[in-house]
Amino acid sequence: MSFPRKVVFYFLLLFSAFLLFFPVLYAFMISFMTGGEIMQGKFFPQTFTLDNYFRVFERLPLMKYLMNSFVVSTGVMMGQLIVCSMAAYVFVFIPFKGRDLVFFLFISTMMIPWEATMIPNFFTIQKLDWTNTYQGLTVPFFALAFGTFLLRQHFKTIPKELFEASQIAGLSRFAFFWRVILPVSKTSLVTLGAYGFLTTWNMYLWPLLVTNNDQVRTVQIGLKQLQSQEVATEWGVVMAGVIVVIIPTLLLLFIGQKQLQKGLTQGALK
Amino acid sequence: MKGSSSLHAKQSIWKKSLNARTALLYLFPSILLFSVFVFYPMFRTIYLSFFLTDQHGSAALFVGLENYAYLLESQAFRNSIKATVLFVLYTVPAGVILALFLALIANEKLKGIGFFRTIYSSSMGISVAASSVVWLFLFHPSVGMFNRLLTLVHLPEVQWLLDPDWALLSVSISTIWLNTGFSFLILLGGLQNIDGYLYESAKIDGAGYWYQLRRITIPMLSPTLFFIITISLINAFQSFGQIDILTKGGPSQATNLIVYSIYREAFVNYQFGTASAQAVFLFLCILIVTILQFKFGERKVHYQ
Amino acid sequence: MKRVELMNVSKTYDKKTEVISNINVMIEPGEFFVLVGPSGCGKSTMLRMIAGLEEITGGILRIGEKEANHLPPSKRDISMVFQNYALYPHLSVMENIVFGLHVKKIPKLERKTRCKDVAAMLGLSEYLNRKPRELSGGQRQRVALARAIVNEAPICLMDEPLSNLDAKLRAHMRSEIRQIQRRLGITMIYVTHDQVEAMTMGDRIMILHDGKIQQVGKPIDIYNHPANPFVATFIGSPPMNIAEGVMKRLQSEILVGDECEIKIPVEDSRLLQTEQVLVGIRPEHIKVASKETSHENRMVVEAINVEILGNETIFSFKIGSHEWMAKWNGQWHLHIGDQIPIQMDYESLCLFDRKTNERIKSATDIENNILDKEVFL
């Protein structure tokens, strides 16, 4: 690439990066500022004091919320991995009459928006007495057509001779699934796991509906509480809360960006 | 001999059904969960949309299509539809173009490109609640960034979230920002899947950057673009969190998007019947979008 | 070491058309048996039926003395090597080799010694801790072999195991596999589309075409006495030249492609039942005409392509609408367009009935066709 073109590209890259990252950067700066500094409209805080962070943990049971979010996200991630990988295994390695029909049914669930079914789901959770429980927050999300589809795409790349070789060796179907398919598909399992963790961590509407006390409430709802309590004056505290909430997922994304991109593109397109 | 052949027949029936039985065992969790949390509630929603309901969401009085008739009459619902359509128009094209632009500049082989890719995809790791809180501050009438910038260049301040003419646009801007990460990541993946030989042969033919973009990149990327447009559309229809935190549907219902409207109707006003009718409406919208996309999109799309 | 017997075995997917029909063959214990045929002839399907990976829809398969039609693959006392090797990518070479032993719950110590022995035999000892993706194609192939051998199964099935290797390595592996099979004394059933592999490796070979047996026998017998034109052109490289011929009983000669007449002995012309024949001659039987060549057997052809390979020279020419090839030993500096005098003798000809495709006569003057005992003189 010629030098002037390089300059143009770097300029575009830097400019876009600054614009896109500005809200996060600004929130990060604010989280260290005192109320007065914010009023003056400064960009850099005078001192990087952690006062706001201490205060946000006092105001809210933020530690508990973080814990809850972690439990719920990990739970959904594990549940999705187990349920989806089992289904995907059938769609690739166990042929039976009507399999295509079942697969079509699975895919059709992608067209039903979660929000269109939330009213009966809310009552189902109530009837099961699952409001304010971890299972109420996790179980409905275990089955995921997208996840099944993504894993199926990867399983399909595994040569069928591997299955035949294991048949000759006398491996049972479950042993083949457990000892060959899952280890071989580590990369797409990681992708789906990261995706499941991210989306669950960031989930907003469902936790809002099925939690009404601090018992299992997640951080996202905590943010809403914080914002409605503090909105008048203490933006520094609110931003400290924001930073605490986004750090785990940002870290996950930074570590797994390449992997996530590869895996999601594979799953999304044939 | 006869005995053994009938034994074989039995064996083979046993064997054949073995596959189906094993398959069902593995599929059981998915089928159960889909039945309870997707298929049943879908039918239940349609069912409820024909009824007036009590406070516990049980069907109380059959009213046929009256809920729908009521909705079509209702100014509030029409308003909500208008807001949703506008919201889709504001967010989808702009969001896809922005993500495509970012993916194109981040697909160059330059030093430190990994850093930029990480930055561009970062909004995928930020929740709707967190981003909305940040934008709430940016849009703040007095201490917010935007109004400070406007005063700096001596322009009149804008009541971003409080002015009915501006609120929807403001919410759209924050939504575009939030969705950029995911769209960018998928589009970048699509770009990287394009065979490098195509560009090499184009270079040998002496094609310039824009020509390559128009004749190779965009056509080869069309399946990914197609996918991301569909996803963005569906996402736009489903937006909720930003409304709940930024505007609560206001001012004067200018940002009362359909999902927020369903939420309020059901869980604030306890009108589960009309809420269900709206939910059916949402479902139909998404269904139509998907079908249209497949029908018209698929033909124009270039699959490898 | 077990025998494998197929009795009237057939296979159909849609209950209408048979992809394999009426296979009858007995594979003896310790035999190296090669299934060969063009792609799509059903040879892999047949092997997979023996392995139990495909259902047998008709007939009986016996392994040892037992009927095996409904045995699961793991109960058939077989091992198998796949074309793409089917190595488990997440396991090391050692884990791959002992994978089957692990499943069969063979004690750890024995697993280790057996793995070491096999690895030593195949020269894999240094690579035991590597993953398959860190190996070359030839090494992967050896791991697949090792995995089959280590089971000590009396029957080994191989499905085109060498087709992913380059030519040089392939030639080397041919003899290596053959040696291992002989040393272990296992029964080998080997599928290939490559007639050179079939000729060089098999004790006996079976030629399949369109799901039907064309011929079964020792490679050299099949080469010398092909049962039909398909076998004649499939085995041998370059293939046997074939053209339509007409018997002229009166002149006691065969007219090949309107221009070439070949004299035949009077008594043979009486014996031949039909006039419409297919004439075949192997490229090495077309010789250069010398001064002694009688006028009738001599003809002049125009070379349309020449390949000088160093130790032999192959050129092609037209007979009627067919392109024939001749193969001469040594280096002949021929050029395209050269007029070349050649001779074809009746003794070298193979004749087939054009209607039934059956062989009427095979070549009788095969050079160097020395009986076994003479070789040792």
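## Helix H4 of chain B

In this predicted model, the buried residues of helix H4 of chain B are Ile113(B), Phe116(B), Arg117(B), Thr118(B), Ile119(B), Tyr120(B) and Ser121(B). The helix spans residues 113–121 and is mostly covered, with seven of its nine residues buried. Here, buried means under 20% relative accessible area, exposed means over 50%, and partly exposed lies in between, with a 1.4 Å probe and protein chains only. Helices (H or I, at least four residues) and strands (E, at least two) are DSSP runs, numbered from the N terminus.

Residues are numbered from 1 along each chain as its sequence is written, and chains are lettered from A and ligands numbered from 1 in the order in which they are written.

## Chain C as a whole

Chain C contains ten helices and 22 strands. Its C-alpha atoms fill a box of roughly 80 × 45 × 45 Å along the principal axes. Of its 377 residues, 53% count as buried. Contact means heavy atoms within 4.5 Å. Among contacts in chain C between residues at least 6 apart in sequence, 65% join residues at least 24 apart.

## An open sheet in chain C

Six strands of chain C form an open sheet in the order E13-E12-E11-E14-E21-E22, with antiparallel pairing. Its edge strands, each pairing on one side only, are E13 (260–263) and E22 (359–361). The twist averages 35° from one strand to the next; axes are lines fitted to C-alpha atoms (for helices over the stretch in contact), and angles run from 0 to 180 degrees between N-to-C directions. Two strands pair if DSSP finds at least two bridges between them.

E13(C) has a covered face, formed by Cys260(C) and Ile262(C), and an uncovered one, formed by Glu261(C) and Lys263(C).

## Asn241 in strand E11

Asn241(C) belongs to strand E11 (residues 241–248) of chain C. This residue is buried, with a relative accessible area of 4%. Its side chain reaches the backbone oxygen of Met325(C) at 2.7 Å. Leaving aside neighbours within four places in sequence, the contacts of Asn241(C) include Val279(C), Ile286(C) and Trp324(C).

## Cysteines

The structure holds zero disulfides over all chains, a disulfide being a pair of cysteine sulfur atoms within 2.5 Å. For Cys115(C), the nearest cysteine sulfur is that of Cys156(C), 17 Å away. Cys115(C) is buried, with a relative accessible area of 1%.

## The interface of chains A and C

Chain C contributes 21 residues to the contact and chain A contributes 16 residues. The two chains bury about 1500 Å² between them, 69% of it on carbon and sulfur atoms. Buried area is the accessible area (1.4 Å probe) that two parts lose on being put together, summed over both. In chain C, Tyr88(C), His90(C) and Phe99(C) lose the most area to chain A, together 29% of what that side buries.

Key: This is a predicted model: local features need pLDDT of at least 70, side-chain atom pairs count only at pLDDT 80 or more; totals for chains, interfaces and linings use all residues. Side-chain values use heavy atoms; hydrogens and water are left out. A polar contact is a pair of N or O atoms within 3.5 Å; within protein, one must be able to donate a hydrogen and the other to accept it, and residues adjacent in sequence count only if both atoms are side-chain atoms.
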